[in-house]
Protein chains: 2
Amino acid sequence: MTESLQGWERRDKPATLHRRFTFDGYRQTRAFLDAVAALSELAGRHPQNISFGTTYANITLEAADAAGFSDSEEHFAAQIGALTESRG
Amino acid sequence: MTESLQGWERRDKPATLHRRFTFDGYRQTRAFLDAVAALSELAGRHPQNISFGTTYANITLEAADAAGFSDSEEHFAAQIGALTESRG
């Protein structure tokens, strides 16, 4: 999973994953947030906090178990990150 | 407008309006955020920051003119507040 969690910052106590996404404008930011909301619906889980403005969204995921993230929680983070990845 | 801005906290430098909305669960929080997004689309303006988690959304509006809020900006705040008001 390490590879796919590129871009996420790990913090401890409590165990969280944090990542800042930036966009060209409000429309792109909204499209990303809508995608995260739809993904959350599918995954049956959601970020503990999302803070967003015109051109950014900061996402925080918190581990359910203080000891650390489960594979499925890390997979959810990777899925969020994958939303913004293009094939270049 | 004063009456309809009940619940909003005014701050200066820069001029902002801030309000915390709380909900029973993620589904209600999401419904509120979707309504704010739709309202933003209609109004052609949007909050400068929204920070939300499972049961809350903190909304910050910033005045375009540092001197203070225009009537239309205050109206937007009142419209957001009105989304959560029931007739009781």
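The model is predicted. The predictor gives the complex an ipTM of 0.89 and a pTM of 0.91. For chain A, the average pLDDT is 92. In that chain, 95% of the residues score at least 70.

The relation between the chains was examined next. Two copies of a chain are related by a rotation about an axis and a shift along it. Here the turn is 180 degrees and the shift along the axis is 0.0 Å. With these, chain B can be laid on chain A with an RMSD of 0.0 Å. The two copies are thus related as by a two-fold rotation axis. Within chain B, the C-alpha nearest this axis belongs to B:S51. That atom is 2.0 Å from the axis.

Attention then turned to a histidine of chain B. B:H18 sits in strand β2, which spans residues 16-22 of chain B. The relative accessible area of B:H18 is 17%. Buried means under 20%, so B:H18 counts as buried. Its side chain joins that of B:T60 through a polar contact of 3.2 Å.

Over all chains, the structure holds seven aromatic pairs. A pair of aromatic rings is described by the distance of the centres and the angle of the planes. One pair is formed by A:F21 and A:F32, with ring centres 4.7 Å apart. Their planes lie at 40 degrees, so the pair is tilted. This pair links distant parts of the chain, its members being eleven residues apart. A:F21 belongs to strand β2 (residues 16-22) of chain A, whereas A:F32 belongs to helix α1 (residues 26-43) of chain A. A:F21 has a relative accessibility of 4% and counts as buried. A:F32, at 5%, counts as buried too.

In chain B, the rings of B:F23 and B:F32 have their centres 5.0 Å apart. The planes are at 35 degrees, so this pair is also tilted. Both B:F23 and B:F32 are buried. Back in chain A, ring pairs link A:W8, A:F21, A:F23 and A:F32 into a cluster.

Definitions and conventions
Residues numbered from 1 in each chain as written. Chains lettered and ligands numbered in written order. Predicted model: local features only at pLDDT ≥ 70, side-chain atom pairs only at ≥ 80, totals over all residues. Heavy atoms only, no water. Least-squares fit on C-alpha atoms with pLDDT ≥ 70 in both. pLDDT = per-residue confidence, 0-100. Helix = DSSP H or I, 4+ residues; strand = E, 2+ residues; numbered from the N terminus. Buried < 20%, exposed > 50% of the residue type's maximum accessible area, 1.4 Å probe, protein only. Polar contact = N/O pair within 3.5 Å; in protein donor to acceptor, adjacent residues only side chain to side chain. Phe/Tyr/Trp six-rings, centres within 6.5 Å; stacked < 30°, edge-to-face > 60°.
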